[in-house]
Amino acid sequence: MQRKTIIALIAILILAASMLCVSAGAETAAQNGYDAAVRNGDLYFILPGAAGDALVYVPQNGQAAVLTRAGEISDLTPYNGDLICLVTTNDESAILRISGTQVSTLYPFGTERADDLMVHGNQLLVRSDHLLYTIDPSNNVRMKLSGAQMDQYVVEGDNAYYIAAADQIQYGAEGTDATVQAGCIYRLNLQTGENTLLLKSGAQDLNVLSGNLYFHNMADAYAADDAVRGHIYRFAI
């Protein structure tokens, strides 16, 4: 990629951040599925590329710099006064800590792939091999929270809401021969470990906002582009 193209992309992302009202006091924002964060007035964002993702640092006064590269970089999140993110190359993951321009490994997964890094209190949550784990970086301890297999999860308060990888239903839609498998929505109490079925219909693309779950409900499916899609639903929790 030519230098002018890179500079143009950086300018576009900075403009997008300003349009999203990302100020010096803001924590995080997302644009087109990739993360951005502001710390002490400096901008950090993840830039996708053909050779992998790049974590870019843009100070208030100075020249932009690439802090690290990996096959995949995601979940750029504030943690204990710094930023953390999840990096994965060749299905080997690690949690990185970003302090200013310094990048260090906070927790390595070795030859294991991890997804969906989130902060819950002083601990970190991550999904590996469909299972949810909590990580305490202060003592390098990882603990499995449940034997429930998850395709995706979100956190609200002391509960994780997830799409089950085991409890799945097959759906089709009139107008196409295509079918899709989608898991039901469950709630896992992070304090007690109790699992509760919330919705006995398959869901995709689960998100949470202001006490509501948002998802594509595959039980209310339709055909689009020779594929099965689900209408968007809201579920008050």
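Tutor: Let's start with a facing pair: Ile135 stands opposite Arg142 in S13. A strand here is a DSSP run of E with at least two residues, numbered from the N terminus, and two strands pair if DSSP finds at least two bridges between them. Before we go on, keep in mind that this is a predicted model, where local features need pLDDT of at least 70, side-chain atom pairs count only at pLDDT 80 or more, and totals for chains, interfaces and linings use all residues. Residues are numbered from 1 along each chain as its sequence is written, and side-chain values use heavy atoms, leaving out hydrogens and water.

S12 and S13 sit in an open sheet of four strands, ordered S10-S11-S12-S13, with antiparallel pairing. Strand S10 (115-120) and strand S13 (141-144) are at the edges with a single partner strand each, so one side of each has no neighbour in the sheet. From one strand to the next, the twist averages 25 degrees (axes are lines fitted to C-alpha atoms, and angles run from 0 to 180 degrees between N-to-C directions).

What about the nonpolar cores? A nonpolar core is a set of buried Ala, Val, Leu, Ile, Met, Phe, Trp, Tyr and Cys residues joined through side-chain atoms within 4.5 Å, and buried means under 20% relative accessible area with a 1.4 Å probe, protein chains only. The largest one has 15 residues, and Tyr44, Leu55 and Cys85 are among those with the most contacts inside it. Strands that each supply at least two residues of this core include S3 (42-47), S4 (53-58) and S7 (82-89). Our Ile135 turns up in another core, which lies apart from that one and has 14 residues, including Leu86, Ile95 and Leu131.

The structure holds zero disulfides, a disulfide being a pair of cysteine sulfur atoms within 2.5 Å.

Definitions and conventions:
Buried means under 20% relative accessible area, exposed over 50%, partly exposed in between (1.4 Å probe, protein chains only).
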